Amino acid sequence: VQLQASGGGLVQAGGSLRLSCVASRSIFSISYMGWYRQAPGKQRELVARISGGGTIEYADFAKGRFTISRDIAKNILALQMNSVEPEDTGVYYCYSYKRGTSHWGQGTQVTVSS
């Protein structure tokens, strides 16, 4: 499956962004989909993920501020980011996992100014 992420940009601290990830085919049977991010000079880290059964996990920094969702009919994964902070700056990647195989989108840059 190919993943196309979009929605990144420049936002002031306290603002909001909505990231979207469109899959090239049905996401109905995908085991996991989610978002990772990578800040400059840091390792890639999990932001949030959703299982095929709808179970959602968030990183501690995302809890209460970010919301992951999916639209199975449209093959879209989204990440609503509220109350963003400069520390949220980085490249955000969507990914999918099924039967031992992971796929990654190309990433979308999020920059939060203070």
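**Sheet pairing, disulfide and nonpolar core**

Gln4 has Val22, a residue of S3, as its bridge partner. In this predicted model, strands S1 and S3 are paired over four bridges in the antiparallel sense. Both strands belong to an open four-stranded sheet, ordered S1-S3-S8-S7 and paired in antiparallel fashion. S1 and S7 form the edges of this sheet, each pairing on one side only. From one strand to the next, the twist averages 15°.

The structure contains one disulfide. Cys21 and Cys94 are its two residues, with an S to S distance of 2.1 Å. The link between Cys21 and Cys94 is right-handed, with 60° about the S-S bond. Because Cys21 belongs to strand S3 and Cys94 to strand S9, the pair ties together parts that lie 73 residues apart in sequence. Cys21 has 0% relative accessibility and therefore counts as buried; Cys94, also at 0%, counts as buried as well.

In soluble globular proteins, nonpolar side chains tend to be buried together. The largest nonpolar core here comprises 26 residues, of which Trp35, Val47, Phe66, Leu77, Leu79, Met81 and Tyr92 touch the most other members. Strands S1, S3, S4, S5, S7, S8, S9 and S11 each give two or more residues to this core. The largest contribution, four residues, comes from S3. Leaving aside residues up to four places away in sequence, Val47 touches Trp35, Phe66, Leu79 and Tyr92, among others. Its contacts also include Tyr36, Arg37, Glu57, Tyr58, Ala59, Phe61 and Ala62.

Conventions. Residues are numbered from 1 along each chain as its sequence is written. This is a predicted model: local features need pLDDT of at least 70, side-chain atom pairs count only at pLDDT 80 or more; totals for chains, interfaces and linings use all residues. Side-chain values use heavy atoms; hydrogens and water are left out. A nonpolar core is a set of buried Ala, Val, Leu, Ile, Met, Phe, Trp, Tyr and Cys residues joined through side-chain atoms within 4.5 Å. Buried means under 20% relative accessible area, exposed over 50%, partly exposed in between (1.4 Å probe, protein chains only). Contact means heavy atoms within 4.5 Å. Two strands pair if DSSP finds at least two bridges between them. Axes are lines fitted to C-alpha atoms, for helices over the stretch in contact, and angles run from 0 to 180 degrees between N-to-C directions. A disulfide is a pair of cysteine sulfur atoms within 2.5 Å.
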